[in-house]
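Visitor: I have a model open and would like to learn to read it. Can we go through it feature by feature?

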Amino acid sequence: MAQPNSKQPAPSADYKTIAAEYARAKRAKEATDAAKQQQQQQDGAPKTKANASELQRKAFEARRKSAFGRRWWWAVGFWLWLLCIHAVGILLFTSGFLLTRMVLDEKSECTVPPVEPAGSWKGMGTVEGGCWHPKSFDKAVVVIIDALRYDFTVPVADNAPFHNAFPFLHETALKSPQNAFLRPFIADPPTATLQRLKGLTTGTLPTFIDAGSNFAGTAIEEDNLLMQMKGLGQRIVHIGDDTWVSLFPDYFEPNISRAYDSFNVWDLHTVDTGVIDHLAPLLQPENKGKWDVLIGHLLGVDHAGHRYGPDHPAMKAKLEQMDAWLRDLSTQIDDDTVLIVMGDHGMDEKGDHGGESDDEVEAALWMYSKRPFFGRTDPNHVQPPATGKERPVNQIDLVPTLALLLGIPIPFNNLGGPIEEAFAGVKGNDWANLAAVSRISAAGTQRYQDSYFAARGMESSSKSSPTHASWTQAHSAWATKSWSASYQSFRNFQEETLQVCKDLWARFDVPKMITGIIVMAAGVIMLLVYASRDEDEDFAATDIELDFAEKKLELQGIVGAASPEYTQLHKNIVVAALVGAIPGAFAGAAGSQLLGVNDLTYAAAAAAFASIVTALVALTDAGKGLLNILPTSVWGWLSVLFTVSQSVGFASNSYTIWEDSILLFFISTFGAISAVASFSIPSPVERTLAVYHSVLFIVLGRAASFSKLCREEQMPYCTSTYYASSSSSTSAGWQLLIPFVVAFALPAIIKSFLVPLRSWEGLGPTWIGYIYRAGLFMAALYWVLDAADNGEWVPGLPEQTLKTIAVYVAQLVLALVFVAGTTAFVWAPPLVSVVQSRAPDGSNKVVILGYGNTNGARYLLLPMNLLAGCILLSKPMGGGALALVFWQTMSLMEILDLNGLTAESIGPVMLALLGNFAYFKTGHQATPSSIQWDSAFIPLFTIRYPWTPIVVALNHFGAQIIAASAVPLVVLWKVGPKRKGVLESASRALAAFVSFFAVESLATMAWAGHLRRHLMLYRVFCPRFMMGAVLLLVVDLVCIVVTLAGVRSNTLSVSEVFGFAD
């Protein structure tokens, strides 16, 4: 048998061949796999690199977006601080200029007369017999016909619808002088209902500053007629105007009294119907035990004036209704009831009130007794005065008259005197009674004067007092029973005392006024320094190649760690202001304590001034010194000339009165100068365009000036065109066409500015061409519905049908332009389009239409939407004027761009001038009576907060609000998406714009203080100061809430597409 070998046998040839093939295949596969892997790595490198670059770009944009957000908030902080500075300056000056009267807590008492009564009577010292004087009537019916002007009640030889429609009062006073008398009833301004009711119940003079509380009156806490009645157990019933309820809460009998909304000026009948229907039943014998004093306050005459003006058939119908009702009412009272009918104020030629013109202060007073009671000391006085200038009665004289007639104490603070006819006796010769009531009233006034002077730490009993002689003569005549002389001397004493009190309440706190002016002046200087342009301030320049290189280096992390200096400016100012304000406040508080002033308003002043100083230091560190304020170009000096001339002119009452004409002159002057300057433009096309827009700018101003509402002081050299007539507050028929012309033309005009710039892209054609135009047409429809409702064009319709439809149309318009418009503005992309075109070399290229005006075209949507809302809220003439001024604004942007003036202050200053100019062209004047309260009911059925004040503000200051929102267009118009420092440029333009209003406010403040003894102070200078102060605060708020917010939204939208420029 064979033995096995120790080694394995060699493989066969076939196996070796297979192994070799396998090895070669394996090596080939490995080589292939390696090649594939290498190819995959090579192919994936660009993708990985692209993904990394995209992530890097997104992080880069996120950093810039975050940085922009921080910059925006610091800018908002700067403007909020500036708003506080302006508010502190205005508050300080106002607290020293518009002083309020000191209210004393003392109350008159039935058992404590101011002087020993002349005799005794049954029930003396009780309300049943008479507290200080024998009572004459047990009950009183007091009827207030709101805005009953005196000439409405007397015969006038003309055909005006408001004359000779209310003859009953004059007839009874003339035919039955022992039963009635009629006299002019002079209201002390301000002629607002709330202030008049204060005077009619307290016998005091409300101060001018109280006018602002007419929307929300607070309860009267000082002694007054109703307080005396209530305190003595008398029952008071009120029906009508709900202002009484806010002034006298819990005074009126429940279940019987009825209050009605007083501010719905569109409603002529609800309040009057309520008074007429509910007052008459209370005069029936079975109900007379339910009341002692019955007050009815009707509003139809006042509302007819506000809605239509006095020169309207509705006013005639309302006066005729009052005449018929009072004829019936006078037959229902008994012998123990006195009937008093009065107006709380009058109305001007447009039906408004609030100021101190003759028509506003001359109301009517009629007193009636069924039994013979009244007398005339002069037979010639049987005939009622023909005008409000003859034998007028102060409204505060009603207080002691009614108190003595009803046997209640005269309120402690009363300054009025008894009305002669009520105490002269039926024969007009009861001088003893006249002397007795005048003595009681005068003694009460003397008691009040002594108490007031003591509370103020002043001496009142000096023999040098202007009232001392009359007081001595009156008592001497009383002692000798010279009743007529005593009566006259007591009357003289009260008239002189009234004048003393008026002078006392006109004493100004000059240190506070000066402090307010200093704070305002310092704020203006700081604002001008901020608005100035430094020579090194070149961040606004746009260099595409440089921007690309900078962005590339920043992406690579090579540059970009340090922020540009301009991005830190707002932060540095705000921080510096806070650093200065805190120690300033403590220093001011300590200083006021050490000086014994104990007034924390000086602490606010010190804080404001210190913060301004530290802010100026921060501006100096940023390269902006006081010398930067000085202009360096003709255009800069022109803006200074316009601003200073406007402000200096407020020292003249005639200049202030004719301010609208002065503004037109400034606007025309700018247009003429820009037309001349345009001839220096090298390009023929641009030169022609610049001249065209300059001429158009002048023409549009002249066209807008046709809309005019004259103030009383401009007569007879001015003709009102804003309403159908000078004595109407409704539009003429032809004026209803204006909103339709605006709806048709305005979108086309806006398109004509956008198409040449290739900006009629994106949302523009749809929003402006269709939606915006539809909104304007609906606004025009609203005014047609309003005219149809006013003129009763469709008599078969139920009442309020057209008004209801009109209100819903107005609400739809406001929802469209404000809600939908704001949403579109916030979320819409830029107005650009991307198209492909063939290059000359045959290659394809991408073109972005509208690129060169990316910022400006999109931002235009914001002021454009505001304009539509304000057009609705203005009368047809006002809407047309706003459209023309907006067209002027668009031309102004072209003028500034073609002449290279976008960095100059003249652009914002001209926008400020246009805003003020349009203010006057929309039916407003610097007078309280020009406030168009009825605008609150364009989109609303009743008063609703906060919407009612917002609507009235948009109507009153709409022109300046639109101008403030348009300021960024100065720096954004024809600007592409790569513009750096858009926020800072827009803020600086806003500063130049606000500077105009700040200087204007400072000037009106200074001139009102300087001319505080001027005859026209409260008619001209004070209202202009108040308008300037309120307007400055409104502009500040709009710049923050609207303009800066608009710049932020616009920048974010543009940057989302094109990237952040900085």
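Visitor: Is C131 buried or exposed?
Guide: C131 has 3% relative accessibility, so it counts as buried. The cut-off for buried is under 20% relative accessible area. Keep in mind that this is a predicted model.

Visitor: Which residue is C131 joined to?
Guide: A disulfide joins C131 to C110, with an S to S distance of 1.9 Å. This pair links distant parts of the chain. C110 and C131 are 21 residues apart, and each is in the loop between helix 1 (13-97) and strand 1. C110 has 10% relative accessibility and therefore counts as buried. The link of C110 and C131 is left-handed, with -100° about the S-S bond.

Visitor: How many disulfides does the structure hold?
Guide: It holds 2 disulfides. Besides the link of C110 and C131, a disulfide joins C710 to C718, S to S 1.8 Å. Its torsion about the S-S bond is about -75°, so this disulfide is left-handed. C710 and C718 are both buried. Number the bonded cysteines in sequence order and the pairing reads 1-2, 3-4.

Visitor: What about C84 and C1039?
Guide: C84 has a relative accessible area of 46%, so it is partly exposed. C1039 is at 0% relative accessibility and therefore counts as buried.

Visitor: Now the sheet. How do strands pair?
Guide: Strands of a sheet pair through backbone hydrogen bonds, either parallel or antiparallel. Here 8 strands form an open sheet, in the order 4-3-5-1-6-7-2-8, with mixed pairing.

Visitor: Which strands stand at the edges?
Guide: Strand 4 (258-260) and strand 8 (393-394). Each has a single partner strand, so one side of each is left without a neighbour in the sheet.

Visitor: How many bridges join strand 1 to strand 5?
Guide: 6 bridges join them, and the two strands run parallel. V143 stands opposite G296 in strand 5. I145 has L298 of strand 5 as its bridge partner. Strand 1 is also joined to strand 6 (residues 337-342) by 6 bridges, and these two run parallel. There, V142 has I340 as its bridge partner.

Visitor: How many residues of strand 1 are buried?
Guide: 7 of the 7, so strand 1 is largely enclosed by the rest of the structure. Both of its faces are covered. On one side K139, V141, V143 and I145 are buried, and on the other A140, V142 and I144 are buried.

Visitor: How do I find empty space inside?
Guide: Rolling a probe the size of a water molecule over the atoms shows where empty space is left. In this structure, a search finds 9 cavities of 30 Å³ or more. The largest cavity has a volume of about 130 Å³.

Visitor: Which residues lie nearest the centre of the largest cavity?
Guide: V142, L200, T201, W244 and L402, out of 14 lining residues. The lining divides into 13 nonpolar, 1 polar and no charged residues. Strand 1 (139-145), helix 3 (193-202), helix 4 (225-231), strand 5 (293-298) and helix 10 (398-406) each supply at least two residues of this lining.

Key: Residues numbered from 1 in each chain as written. Predicted model: local features only at pLDDT ≥ 70, side-chain atom pairs only at ≥ 80, totals over all residues. Heavy atoms only, no water. 1 Å grid on protein atoms, 1.4 Å probe; cavity = no way out; pocket = protein on both sides within 12 Å on 5 of 7 lines; lining within 4 Å. Points joined across faces, edges and corners; volume = space filled by probe spheres on them. Helix = DSSP H or I, 4+ residues; strand = E, 2+ residues; numbered from the N terminus. Nonpolar A, V, L, I, M, F, W, Y, C, P; charged D, E, K, R; others polar. Pairing = 2+ DSSP bridges. Disulfide = S-S within 2.5 Å. Buried < 20%, exposed > 50% of the residue type's maximum accessible area, 1.4 Å probe, protein only.
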